[in-house]
Amino acid sequence: MAMDEQATVEIVEWPNVFIPLSDGTRLAARIWLPKDAHERPVPAVLEYLPYRKRDGTVHRDALTHPYLAARGYACLRVDMRGNGDSDGIMEGEYLPTEQDDALEVIAWIRQQPWSTGRVGMIGISWGGFNGLQVAYRQPQGLDAVISLCSTDDRYADDIHYKGGCLLAEQLGWSSTMLAYSSRPADPAIVGDGWRAQWLERLEKEPHLAEVWMDHLTRDAFWKHGSICEDYGRIQAAVMLVGAWADSYHDPVPRMLRHLTCPRQAILGPWVHKYPHFAVPGPRIGFLQEAVRFYDRYLKDQDNGADRAPALRAYLMDGVPPATMYTHRPGRWVAEPDWPSPSIRQQAWQLGPHQLTRRPSPGGSASICSPQTVGQAAGEYCPIWLGPELPGDQRIEDGGSLLFDGPVLADELAILGGPVLEVAFTVDRPQANLVVRLCDVGPSGASARATYGVLNLCHHASHEQPEELLPGQIYRARIELDEVGYRFPAGHRLRLAVSTAYWPLIWPSPEPATVTLRLEDCCLVLPVREAPADDPAPAFEEPEMAPPLQEIVHRPASNRRITTIDAATGMQRLEIEDDFGLFEIVEHGLLTGSVAREWYEIHPDDPLSAHMRTHWTETSARGDWSVRTETFATMRADRSRFHLTARIEAYEGEVLVFEKEFASSHPRVCV
């Protein structure tokens, strides 16, 4: 939908402004603001990222920042040091330097003649993280933060670990950043020094996974930047936005519960995207929500934004499983308070092959899954292109323990995080347990409603895990992901338990059998009982600024292919995300990107797990043309993880730089 012309002002854009820092570094900013802001100063909204304002986030920036600026805000899209058109070197993720730079940027904004001195932040993922992290530092003038798809706990809810299990996405995201940060600044912005700056960046660019792999537990490295260490430090008003098809929904209810600042949250059916253009629908008028929020906390308008329900959440209807949806049927609900009095805990007992409300007859059940269980898991963090959502779960069930409930006589709605409490024994010092809660329709098709994983060595602590003693009885609490879901009448609940989930989590060093003591295993569901007065919150239709003017030279495409070698039994998943090749009309920069990933494993051998990546990044304008190729691999033996990576940089077709990485890391309790 085109930008609404009502209540708007004329804006101007400054394509590049260098913000000076105290150490001499300059950060490159793109700024949109009302034309008369020098005469009538306005609050500012900052988005602060490593993803390149010039070409990396231009599509979403075009939709978002001019819209906010036209409603009375100065909007700044700032490149972090070492990325895009900014000076310096980026040495890592969420480092103190990153936050220190943001504090200086905010101080600079407050000194500008077009600024009222009041600042908000906005961002998704990395930008959502640092909005909270900067608010934790309590800079003067930062009064409002909109944080999308982010977390309060970097160990629990990022791309590194889940339930103490190592995510394959750790290497995947490290590979992404290796590619992203390998690109040079635009010579049209930085001038003739672009090449020297580029070569220095390439020489000093880290392979981030090498650092992350040395921190397998929740140590001080992960506590830094985790606002859960002291929720009370956040004083700015916070709007939290999450998405059920994303990997960052769990922190939203948790932060609602623990933050003490003014706060509100929205949880929709989307993947890892802004909700005014995300899929699956329904999309919402997110930018209108953002304007109302900022108007309340940056302009002090009494517009009711501070009286919004604590949580507005979308309850997704159970539908047949699919790896892509354009729309998810369901309905919005509002919870005035969180935790909600409308939600009660409903216990289901595990019995032999069944899920029941009655006491269990006892007994035990054992599982040692094929290493290939997990092929229908979809992406850990659906974000890119194509079929990334979990497909029909029947393909996983042959390698899992199954506990089926009776046919539901009535609809069952849950809102929150289910919990499986288990008593178990193992036959190996380390084992993983994967739990899927599925919605089984009358045809037998099984849709994954939510899931959870736990490295059983972490059953008591993510900070001090311990190897397991074979035969000893342990107890664990496995927290499944938060979800809003309605199981229809006529469907069944299915709890599926496995010891493998490749390629989402890295496999144990040897096949492990886990035995459950069924009389001590209980699934607890957060059942939402709709109050008599249960009005649905109303969202406006999406509004946004006009899209980017571009010339598409190669359209985006995606392919995912799973193959099984009939002779060896090896299974391979190959993914290619071609983000296309497009020319930005405004300044003529031609940019392209292709990502490739391969995952291999044998069903009987966890040590056969192998992951590799290859990214290609291209930039060109006229006679100027550069390209980087980045590669990474990961394997493991019983005692260590082994990583390699390589960067190749080209001017035209001439190789001008090459660098290799190799590292080995102890695997302790993982």
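Which residue lies over the face of Tyr67? It's Arg71, sitting 3.6 Å from the ring centre. That comes from a predicted model, and so does everything below.

Moving on to ring–ring geometry, the count of aromatic pairs comes to 31. Take Tyr161 and Trp222: the ring centres are 5.8 Å apart and the planes make an angle of 80°, so this pair is edge-to-face. Tyr161 belongs to strand β7 (residues 161–162) and Trp222 to helix α8 (residues 220–223), so the pair links distant parts of the chain, 61 residues apart. As for solvent, Tyr161 counts as buried, at 0% relative accessibility, and Trp222 is buried with a relative accessible area of 0%.

Phe424 and Tyr474 make a stacked pair, with 5.6 Å from centre to centre and 25° between the planes. Here the partners come from two strands, Phe424 from β18 (residues 419–426) and Tyr474 from β21 (residues 474–479), so the pair ties together parts that sit 50 residues apart in sequence. Phe424 is at 0% relative accessibility and counts as buried; Tyr474 has a relative accessible area of 9%, and with the cut-off for buried at under 20%, Tyr474 is buried as well. Beyond individual pairs, there's a cluster linked by ring pairs, made up of Tyr51, Tyr94, Trp126, Phe129, Trp173, Tyr180, Tyr248, Phe579 and Trp615.

Then there's the nonpolar interior. In soluble globular proteins, nonpolar side chains tend to be buried together. The largest nonpolar core in this model holds 195 residues, and the members touching the most others are Leu76, Phe286, Tyr294, Leu350, Phe403 and Leu516. Helix α10 (residues 286–298) gives the most to this core, contributing eight residues. Looking at Leu76 up close, and skipping neighbours within four places in sequence, its contacts are Ile19, Arg30, Ile31, Ala44, Val45, Leu46, Glu47, Trp108, Ile109 and Trp114.

Finally, a hairpin. Strands β27 (residues 557–564) and β28 (residues 571–584) run antiparallel and are joined by eight bridges. One end of that pairing can be picked out by residue: Ser557 has Asp578 in β28 as its bridge partner. Six residues lie between the two strands of the hairpin, and Gly569 takes a positive phi near 85°.

Key: Residues numbered from 1 in each chain as written. Predicted model: local features only at pLDDT ≥ 70, side-chain atom pairs only at ≥ 80, totals over all residues. Heavy atoms only, no water. Pairing = 2+ DSSP bridges. Helix = DSSP H or I, 4+ residues; strand = E, 2+ residues; numbered from the N terminus. Core = buried A, V, L, I, M, F, W, Y, C linked by side-chain atoms within 4.5 Å. Buried < 20%, exposed > 50% of the residue type's maximum accessible area, 1.4 Å probe, protein only. Contact = heavy atoms within 4.5 Å. Phe/Tyr/Trp six-rings, centres within 6.5 Å; stacked < 30°, edge-to-face > 60°. Lys NZ or Arg CZ within 6 Å of the ring centre and 35° of its normal.
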